[in-house]
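Please consult the sequence and the structure shown below.

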Amino acid sequence: MSEATWQKCVAHLQEELPSQHFITWIRPLKIDAGEGWINLLAPNRFVRDWVQDRYFARIKELVGELSAEVGGTEVQLLIAERQQRAQAQSTRANASAPAAVMARESVHVSAEASRDVELSQQLPLDTGSEPVSPPSAPGQIVSANGQIVSSSPQQGNRQVEVEGGIRHQSSLMDNYTFETFVEGKSNQLARAAASQVAENPGRAYNPLFLYGGVGLGKTHLMHAVGNSLVQQNPNARVVYLHSERFVADMVKALQLNAINEFKRYYRSVDALLIDDIQFFSGKERSQEEFFHTFNALLEGGQQMILTCDRYPKEIKGLEERLKSRFGWGLTVAVEPPELETRVAILLKKAEQEKIPLPSDAAFFIAQRVRSNVRELEGVLKRVIASSRFMARPIDIPLVKESLKDLLALQDKQVSLDNIQRTVAEYYKIKISDLMSKRRSRSVARPRQLAMALSKELTNHSLPEIGEGFGGRDHTTVLHACRKIKELRDSDADIREDYKNLIRLLTT
Ligand SMILES: Nc1ncnc2c1ncn2[C@@H]1O[C@H](COP(=O)(O)OP(=O)(O)OP(=O)(O)O)[C@@H](O)[C@H]1O
């Protein structure tokens with residue numbers, strides 16, 4: 001392999017890649033070549049890993065084609081850091097241990113890097129306020145023509161075919177769209193805010209901060225915005241990553257003295273989506289870096305969407321200045337979906353799977369799986385699997401059969417007694433008050449709540465519940481359920497009480 005052939009390869013890459021990517025990753029490569037082998041020498045381990053992960057396959061392909069054109073033999077390609085040259089040569093001399101060996105090594109480096117911040121805190125602090133400049137890309141996944149940039153390969157991992165012929169991975173989950181997101185009271189505001197952001201990135205709400213418990217659709221909404229931005233503008237540089245990945249990238253960049261590339265990369269995006277920012281908690285160096293990134297993006301009018309499992313002010317170990325900045329845009333809660341939304345989600349997911357799901361079966365499942373949507377999806381998958389396995393259509397008997405263990409556990413946990421005891425304790429009244437005929441508000445409201453909870457959390461029929469509450473008629477129970485539903489919409493205290501009681505009874 002001659003220098004001239006390598007230069008041809010470089011020329012191809014220059015055409016295929018966005019210029020900033022070419023300048024950052026390809027141009028610094030030097031070669032060391034001989035008959036039948038070529039060793040790419042990267043200035044540091046960081047560039048080596050990056051090229052290894054994103055460009056190596058394409059380079060290999062080009063080198064093969066170009067050597068064949070000049071009648072050369074098969075070329076063995078390696079990549080190493082410049083200082084590892086001797087080692088790489090000895091590897092080469094010893095055996096044919098090319099790309100794969102190096103590739104494995106790069107995976108190892110990433111894992112090492114995620115050891116996090118204890119290490120990074122010993123490293124020099126760079127307050128980093130240099131201007132935004134063209135992208136380079138630590139630990140990220142970049143499309144060949146820059147049209148999608150995303151991160152965190154453990155996410156979507158879908159292959160994207162892009163102009164220029166290089167295949168890259170993008171981690172925007174393409175099924176997490178607005179179309180596949182079911183709207184209900186619990187997520188209405190978050191859904192509306194996300195659509196606004198998708199329509200007016202950088203202007204509507206910046207940052208958009210979504211918070212709420214696990215598995216409630218925050219990540220889904222975030223990706224929906226990202227997908228929408230890319231759909232509207234295929235050149236939009238949308239970066240999605242988990243906050244742990246941000247930390248790991250930063251640690252790695254510090255270790256490898258490539259912090260400026262790290263900064264440039266994160267500050268050059270059109271939209272930065274960071275999931276589960278509670279992981280920044282206690283990681284001071286990452287917070288420092290993120291703070292500067294945050295400011296640069298905000299100043300540049302680039303959109304940020306952040307998710308967290310709690311309200312920003314409640315994140316312990318997070319700097320006050322970050323907490324206050326998170327509130328500069330819009331902070332919206334995503335709540336656990338109510339029964340009707342759970343049913344709608346199940347029906348939608350079944351439709352996506354092209355499996356008929358009768359609404360009574362959907363209702364049956366939704367009444368029993370209340371904690372979050374991820375769990376709901378898991379249960380539906382189980383039911384679908386049973387249906388396929390037994391070659392039977394989904395109906396309530398099949399659902400009961402496939403969820404036998406789960407239902408048995410639930411029946412044990414939530415009983416009328418349990419509900420009555422919990423409600424009485426919560427309102428500091430006597431259980432006998434719940435059974436009594438007393439009509440004063442301080443007793444009647446808790447009683448109605450307890451009845452509504454019994455309908456929601458147990459499999460008892462209305463007459464059975466009435467019976468369990470001092471022998472009342474089923475219409476009284478029905479009235480209680482309707483009243484509580486109405487109050488949950490109009491009265492914040494009742495809404496809060498209901499939510500707290502559900503939590504007390506189900507966790
Ligand atoms: N309203 C919804 N409509 C359709 N699917 C939903 C909805 N809410 C959640 N999901 C689905 O539930 C699963 C979990 O959602 P997601 O990962 O977005 O939750 P999350 O709030 O980000 O949770 P975590 O904090 O655990 O990451 C996903 O498969 C998502 O598609």
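Leaving aside its neighbours within four places in sequence, with which residues is Lys218 in contact? Lys218 is in contact with Leu210, Tyr211, Gly212, Gly213, Thr307, Cys308 and Val334, where contact means heavy atoms within 4.5 Å. The model is predicted, with local features needing pLDDT of at least 70 and side-chain atom pairs counting only at pLDDT 80 or more, while totals for chains, interfaces and linings use all residues. Residues are numbered from 1 along each chain as its sequence is written, and side-chain values use heavy atoms, leaving out hydrogens and water.

**Annotated site**

An unreviewed UniProt entry lists Gly215, Gly217, Lys218 and Thr219 under "binding site"; such annotations may be inferred rather than shown by experiment. The lining of the second largest pocket includes Gly215, Gly217, Lys218 and Thr219. Here a pocket is an open set of points on a 1 Å grid over the protein atoms alone, where a 1.4 Å probe fits, with protein on both sides within 12 Å along at least five of seven lines; lining residues have an atom within 4 Å of a point.

Lys218 belongs to helix α9 (residues 218-232), helices being DSSP runs (H or I) of at least four residues, numbered from the N terminus. Lys218 is buried at 7% relative accessible area, the limit being under 20% with a 1.4 Å probe and protein chains only. A polar atom of the Lys218 side chain lies 2.9 Å from the backbone oxygen of Gly212. Thr219, also in helix α9, touches Tyr176, Tyr240 and Asp275, not counting residues up to four places away in sequence.

| α21 (residues 441-457) | Arg445, Gln448, Leu449, Met451, Ala452, Lys455 |
| α23 (residues 474-490) | Thr476, Val477, His479, Ala480, Cys481, Lys483, Ile484, Leu487 |

The axes of α21 and α23 come within 8 Å and cross at roughly 100°. That makes α21 roughly perpendicular to α23, a class covering angles of 65 to 115 degrees.

How values were computed
Helices (H or I, at least four residues) and strands (E, at least two) are DSSP runs, numbered from the N terminus. Buried means under 20% relative accessible area, exposed over 50%, partly exposed in between (1.4 Å probe, protein chains only). A polar contact is a pair of N or O atoms within 3.5 Å; within protein, one must be able to donate a hydrogen and the other to accept it, and residues adjacent in sequence count only if both atoms are side-chain atoms. Axes are lines fitted to C-alpha atoms, for helices over the stretch in contact, and angles run from 0 to 180 degrees between N-to-C directions. Angles under 35 degrees count as roughly parallel, over 145 as roughly antiparallel, 65 to 115 as roughly perpendicular and the rest as oblique.
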